[in-house]
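Hello,

Here is the structure you asked about. Please look it over first, then read the notes below.

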Amino acid sequence: MTAQPKKRSVVESGDGGLGLGIALFIANGEDLGPIIRHSFESGKPEALMHSLRSIVKKKEVEIEELCRLHYEDFILAVDELRGVLVDAEELKSMLSGENSHLQEVSSAQLLKLDELHELYSVKKNVGEAITTLKICVKVISLCMTCNNFIVDAKFHPALKTLDLIQKGYLQNIPLKLLKKVVGRQIPLIKMHIEKKVCSEFNDWLVHIRRMAKQIGQVSISQASLASQKAEEMRLRQREAEGHSHAGPDEHLYTLDLENTEEESALDFDLTPVYRAHHMHNCLGIGEKFKDYYYRNRLMQLNLDMQISTSQPFLESHQPFLSQVAGFFIVEERVFRTADGLLSESQVETTWETALAKVTSTLEDQFSRMRTASHFLIIKDYVTLLGAAVKKYGYPITQLIEVLEKSRDKYHQLLLLECRKQIDDILSNDSYDQMVIKEYEYNMNVTAFCLEPDDAIPNFPYVAPFSSSVPDMMQLAGNISVLEQACGMFLLYSAQQCGIPKRVAERSHSALTARAVLKASQNAVYNALINLANFKVDEFMILLEDVNWIAEEAPDNSNDYINEVLIYLETLVSTAQEILPLEALYKVISGIVSHISDSLMTTLLNEGVKRFTVNAVLGLDIDLKMLEAFADEKFDSTGLSISGKETTFRDCLVEIRQLVNLLLSSQPENFMNPVIRQRNYGALDHKKLSIICDKYKDAADGLFTSLSNRNTKQSARKRSMDVLKRRLKDFS
């Protein structure tokens with residue numbers, strides 16, 4: 001090994017520090033460029049050259065000395081180098097031979113290696129192709145499966161298959177064309193499924209609308225059977241109560257095993273609804289189908305609500321009401337079983353809408369009816385409709401209210417028909433004794449208990465009555481029901497009074513006579529009051545001439561009250577000489593109450609669109625005159641000392657309280673319970689609300705708002721506005 005040359009210190013030469021610096025740079029192997037550049041730039045290259053020559057000489061001396069010291073080592077190294085060169089030549093020859101041999105041997109292997117590489121490449125390509133084909137085959141297989149499901153109308157598994165393709169395979173399909181085709185077909189297939197289920201649902205809509213009438217008829221028939229069973233049970237109960245006095249009867253209580261099974265459920269198919277709802281949920285458009293279902297069913301209901309004008313309501317009411325019942329039976333089933341397709345509020349809103357239409361139709365039709373039997377037929381069917389839909393949770397209060405409102409009209413029609421039947425029977429009766437054959441005996445005599453059951457006469461039988469009797473006995477059957485009700489009331493009264501039942505069940509001829517006389521007396525009183533009221537109404541027609549929007553307060557009373565008072569003065573003076581005091585009291589009270597009611601009715605009717613405070617002041621004048629007349633007659637007839645709690649003035653309390661309220665400076669005090677009970681207890685909220693809506697402080701003249709709006713009127717108007725708002729909130 002050769003020792004590293006040590007850095008030697010440079011002997012300072014004649015050029016001084018420059019030579020020493022260059023020597024140090026050269027010894028340390030540093031760059032001389034800066035020094036050389038500096039020397040040339042300073043214009044002293046000679047000093048640099050001199051220093052360099054001195055350094056070269058010194059280095060030559062060192063080299064010579066070094067060679068002299070290491071001469072023998074150098075010779076030995078050269079000899080060793082020559083030996084190494086010989087060995088290297090031999091190694092080279094040997095490597096060359098080996099390389100040639102290796103080239104000869106490996107050429108065949110290289111060919112095989114190339115073939116192997118090619119085979120590996122083919123294998124890789126084939127593997128990739130197989131993988132691609134597997135994915136494509138799987139996707140195509142799923143597509144074929146989906147198509148088969150669609151052909152078989154199995155839309156739910158078809159959607160599941162589409163979802164599997166879309167989420168599990170679509171992004172991994174290696175063939176771009178196949179991927180594009182499949183991706184384009186998926187939304188089209190979903191749209192096709194949506195159209196198919198919607199088509200099925202639309203067919204169901206048509207089918208269920210045709211079936212709704214049948215569904216309603218079946219349900220109403222079931223309600224009718226239930227009503228008949230209940231009536232039979234009531235009859236058995238009454239029979240049981242009748243037999244209870246005579247001891248137990250082994251045949252009295254029997255178990256009716258017939259028709260004890262539950263009513264069979266109404267059979268109609270909701271599968272298309274369930275499927276369409278489920279499919280739309282799977283497609284993520286469930287809300288769209290909910291809206292579609294609700295809108296289409298509402299349109300169907302609107303069509304069902306249209307009454308046919310080509311036939312009488314008596315003929316069309318059953319199909320109409322059956323259709324309504326069937327519609328809501330279906331809706332109840334859908335709401336209960338279709339997993340949220342209908343909300344409770346939607347069903348309630350639809351029922352309320354339909355019920356309002358049905359009730360308005362019934363009210364209109366009832367108002368036009370002129371035959372009691374037709375009235376009763378429709379009433380019975382409406383009752384069955386209510387019983388049918390009530391089972392499904394629908395409220396029927398409005399239906400019952402309609403029937404309650406029409407009861408008086410039915411009674412009037414029935415009474416007119418009964419009178420007409422009696423008149424016809426009596427007018428057509430020849431009043432000759434009936435000659436009855438054997439086959440006519442049962443239906444004309446026995447059926448009406450006109451002769452004892454065990455008395456069988458010789459035929460032809462000459463009856464002691466004319467032909468009108470059996471027909472009139474049917475009408476008397478209605479009266480017998482009322483007689484039974486009177487008997488039940490009497491027994492109940494006896495029980496409350498502690499009277500033994502056997503005593504109460506004895507003959508009540510005296511009680512009956514008193515009741516008939518009392519009823520006749522009341523009928524006469526009522527007839528007299530009605531005649532007087534009819535005459536008063538002739539004068540009350542003059543209310544039509546009253547200026548309800550007068551711009552100035554009147555100085556005198558209205559014409560109608562003058563005419564009424566003249567008539568009442570004549571009536572009271574005449575009645576006072578004829579009627580007993582009690583009858584006079586009833587007649588005058590009835591007439592004064594009728595006047596009060598007529599004034600209220602006038603203000604409530606549409607004939608009075610609006611009225612001003614000046615019109616109310618006129619009414620106040622009229623009332624004061626009428627009240628003065630009532631007080632004077634109550635005293636002059638001696639009724640004031642008879643202990644009557646209600647005076648003639650009290651019969652005007654409603655209209656008086658109304659006038660006082662309208663003229664009050666703070667009408668809103670009506671809403672104070674204490675003040676209302678003390679000053680306005682006879683006023684009804686609903687009537688008052690209607691009248692107040694028509695009330696204006698002053699007429700709407702051209703300069704009214706500028707000239708008549710003083711502070712007092714403005715305060716009263718504000719108070720009246722508050723009352724109007726609170727009345728609307730209260731109602």
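**Salt bridges, helices and a pocket**

E62 is partly exposed, with 28% relative accessible area. Partly exposed means between the two cut-offs: under 20% is buried and over 50% is exposed (1.4 Å probe, protein chains only). K59 is also partly exposed, at 38%. K59 and E62 form a salt bridge, and their closest N and O atoms are 3.7 Å apart. A salt bridge here is a side-chain nitrogen of Lys or Arg within 4 Å of a carboxyl oxygen of Asp or Glu. The two residues sit three apart in helix α3 (residues 45–69), so about one helical turn separates K59 from E62.

A word on the source. This is a predicted model in which local features need pLDDT of at least 70 and side-chain atom pairs count only at pLDDT 80 or more, while totals for chains, interfaces and linings use all residues. Residues are numbered from 1 along each chain as its sequence is written, and side-chain values use heavy atoms, with hydrogens and water left out.

Now the whole chain. It has 25 helices and four strands. These are DSSP runs, numbered from the N terminus: helices are H or I with at least four residues, strands are E with at least two. Of the 731 residues in the protein chain, 32% are buried. Take the contacts between residues at least 6 apart in sequence: 75% of them join residues at least 24 apart. Contact means heavy atoms within 4.5 Å.

Back to charges. Side chains of opposite charge can pair when their charged atoms come close. The whole structure holds 24 salt bridges. One of them joins R656 to D620, with the closest N and O atoms 2.7 Å apart. R656 lies in helix α21 (residues 653–663) and D620 in helix α20 (residues 613–636), so this pair ties together parts 36 residues apart in sequence. Are these two buried or exposed? R656 is buried, at 13% relative accessibility. D620 is buried too, at 10%. Both also belong to a network of salt bridges that links D620, K624, E627, D631, R649 and R656.

K379 and D380 make another salt bridge, 3.7 Å from N to O. K379 is partly exposed at 32% relative accessibility. D380 is partly exposed at 37%.

K379 turns up again in the second largest pocket. The volume of this pocket is about 360 Å³. Of its 17 lining residues, K379, T383, L403, E404 and R407 are the closest to the centre. Helices α11 (372–390), α12 (397–405) and α13 (407–428) each give two or more residues to the lining. The largest share, eight residues, comes from α11. By class, the lining has nine nonpolar, four polar and four charged residues. Ala, Val, Leu, Ile, Met, Phe, Trp, Tyr, Cys and Pro count as nonpolar; Asp, Glu, Lys and Arg as charged; the others, Gly among them, as polar. A pocket is an open set of points on a 1 Å grid over the protein atoms alone, where a 1.4 Å probe fits, with protein on both sides within 12 Å along at least five of seven lines; lining residues have an atom within 4 Å of a point. Grid points are joined across faces, edges and corners, and the volume is the space filled by probe spheres set on them.

Best wishes
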